[in-house]
Amino acid sequence: MTRSLRVAFAASTLAAAAVSAQQRPALSNAVRAYVSVDAPVIALTHARVIDGTGAAPRENQTLILNNGIISAIGSSASTGVPAGARTIDLTGKSVIPGLVMVHEHLYYPNGPGVYGQLGESFSRLYLSGGVTTMRTGGNVNGFMDLNMMRLVDAGQKPGPAIDATAPYLNGPNTFIQMRTLKGPEDARRQVQYWTDEGATSLKTYMQITRGELAAAINEAHRRGIKVTGHLCSVTYTEAANLGIDNLEHGFFAATDFVADKQPDECPGQGVGQKTIAALDENGAPFRNLVELLIEKHVAITSTLTVFETFTPGRPRPPGIEVLTPQLKEQFDQNYARTAQNQESIYTTLFPKGMALERAFAKAGGLLIAGTDPTGGGGVIPGFANQRQVELLVDAGFTPLEAISISTLNGAKYLRRDKTVGSIAVMKQADLVVINGNPAANIADIRRVETVFKQGIGYDPAKLIASVQGKAGIW
Ligand SMILES: [Zn+2]
């Protein structure tokens with residue numbers, strides 16, 4: 001591209017971004033019930049701006065939100081507030097971009113091997129925690145993720161913008177809510193069907209073969225759709241060479257270092273995990289894998305929240321009280337059992353997983369973040385998204401880096417960074433107002449006062465109250 005063409009291209013994409021971001025739907029009364037701020041022009045004054053790029057916070061800023069777009073940002077001393085604007089004084093408070101998280105689910109483990117479909121409660125909880133864009137990381141319901149994506153976009157349901165995955169692409173497995181692929185052509189056909197139905201992402205799973213994965217990637221890429229995987233039968237190295245875009249669960253799911261790994265066979269989750277727990281983040285085997293992943297532009301998703309629930313001695317996860325009494329009791333039993341498990345591999349695996357993710361990011365890899373509300377339960381949407389940012393700080397990232405991983409990095413991966421993921425003029429007004437300073441104390445990220453999505457402010461307390469004691473039913 002010549003320079004002038006590049007400039008013209010940049011200008012046209014900026015205009016397109018502004019247009020698409022301005023298409024705010026009329027909100028239904030069901031959504032309005034959670035709205036606390038709605039005005040054509042809003043001025044947020046005297047705010048600390050943490051913009052999501054990793055740059056140092058800027059103090060005493062004024063942001064002008066104009067019909068859902070950030071139209072100005074500057075020092076409160078010199079930035080004028082338009083006449084008629086709804087002005088909100090944020091002295092002592094911070095504004096971060098809406099979280100963009102990429103391993104979310106609209107389901108939850110309601111019992112052994114059974115997932116309850118919780119699109120209603122979970123979409124509200126995600127929004128309450130500051131998530132304004134999310135990718136679902138595999139679905140076990142068929143159409144709910146796709147319908148929820150459309151209903152949220154149409155202003156009929158409260159929730160984050162959704163990048164909706166198709167049902168898992170997997171080989172023979174024991175989940176009664178999961179289909180079994182019949183080979184590469186079948187994988188291709190599944191990709192065609194679900195992307196025709198509107199799925200915007202694909203998730204491959206632990207028993208897929210290399211042939212099926214290759215066919216799925218090929219067909220998805222022909223359609224401009226990205227593919228991620230929680231793998232086991234296929235190694236990270238093999239998947240990267242086949243062109244996969246993203247690998248889930250940091251390095252916890254890598255089977256690359258299993259000595260007698262048989263092609264297309266999952267050696268069992270525990271077998272791979274033993275090799276990861278013993279892996280040296282500075283050693284050649286790991287560094288060679290990282291080099292390949294970076295060369296092939298494979299992003300890695302950190303889902304420390306789900307692994308924390310498997311690890312003895314960790315704090316009780318936040319948000320358990322929104323669950324139904326039965327699910328709360330089930331979690332309490334799991335938590336007590338985990339605490340007593342002296343032999344748990346997670347005692348060494350969890351900190352090692354953190355170190356490997358950090359090493360990948362420090363080497364230049366694209367680390368993105370999600371929560372994964374599966375496992376044995378205890379990963380509660382919204383609450384867990386905030387916890388995930390805290391755990392990135394535990395893993396050795398600065399608060400500003402952790403916020404950037406959980407906002408702009410996710411938006412870059414989803415190719416939505418022209419409109420969301422950071423706080424900048426002409427971007428969509430997806431913002432989280434925090435009563436505190438998460439740059440100094442990351443735990444302040446839990447003190448969410450208002451979540452702006454497309455410039456409309458939602459009240460997290462109302463969203464949470466609407467599902468209190470009911471998450472598990474719908
Ligand atoms: Zn998952």
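**Briefing: strands, domains and core of a predicted model**

Ile434 stands opposite Val448 in strand 18. Residues are numbered from 1 along each chain as its sequence is written. This is a predicted model: local features need pLDDT of at least 70, side-chain atom pairs count only at pLDDT 80 or more, and totals for chains, interfaces and linings use all residues. Helices (H or I, at least four residues) and strands (E, at least two) are DSSP runs, numbered from the N terminus. Strands count as paired if DSSP finds at least two bridges between them.

**Strand 17 and its neighbours**

- Strand 17 and strand 18 (residues 448–453) pair in the antiparallel sense over four bridges.
- Strand 6 (residues 94–97) also runs antiparallel to strand 17, and four bridges join them.
- Within that pairing, Ile96 has Val432 as its bridge partner in strand 17.
- In a regular strand the side chains alternate between the two faces of the sheet.
- Strand 17 (residues 431–434) is covered on both faces: Leu431 and Val433 are buried on one side, Val432 and Ile434 on the other.
- Buried means that 20 or more other C-beta atoms lie within 10 Å of the residue's own; exposed means 12 or fewer, and partly exposed is in between, with C-beta atoms placed from the backbone.

**Two domains**

- The protein is divided into domain 1 (3–97 + 422–465) and domain 2 (99–413); the bounds come from an automatic or database domain assignment.
- Their C-alpha centres lie 28 Å apart.
- The contact takes 29 residues from domain 1 and 26 residues from domain 2; two residues are in contact if their C-beta atoms, placed from the backbone, lie within 7 Å.
- On the domain 1 side, helix 2 (29–32), strand 6, strand 18 and helix 16 (460–465) each supply at least two residues.
- That side of domain 1 has 21 nonpolar, five polar and three charged residues.
- Here Ala, Val, Leu, Ile, Met, Phe, Trp, Tyr, Cys and Pro count as nonpolar, Asp, Glu, Lys and Arg as charged, and the others, Gly among them, as polar.

**Nonpolar core**

- The largest nonpolar core has 137 residues, of which Val95, Leu125, Leu202 and Ala216 touch the most other members.
- Helix 12 (residues 346–362) gives the most to this core, with seven residues.
- The core lies between domain 1 and domain 2, because both give residues to it.
- A nonpolar core is a set of buried Ala, Val, Leu, Ile, Met, Phe, Trp, Tyr and Cys residues joined through C-beta atoms within 7 Å.
- Leaving aside residues up to four places away in sequence, Ala216 touches Leu169, Ala187, Arg188, Val191, Leu202, Thr204 and Val227.

- Three strands form an open sheet in the order 7-10-11, with parallel pairing.
- Strand 7 (99–104) and strand 11 (161–163) are the edge strands, each pairing on one side only.
- Four bridges join strand 7 to strand 10 (residues 131–136), and Val100 stands opposite Thr133 in strand 10.
- Helix 4 (residues 144–153) lies across strand 10 and strand 11, at about 150° to strand 11.
- Axes are lines fitted to C-alpha atoms, for helices over the stretch in contact, and angles run from 0 to 180 degrees between N-to-C directions.

**Positive phi**

- Most residues other than glycine have a negative phi.
- Asn60, not a glycine, has a positive phi of about 55°; Asn60 sits in strand 3 (residues 58–66).
- His297 has a positive phi near 55°, and its place is the loop between helix 9 (284–295) and strand 15 (299–302).
- Asn60 is partly exposed, with 14 other C-beta atoms within 10 Å.
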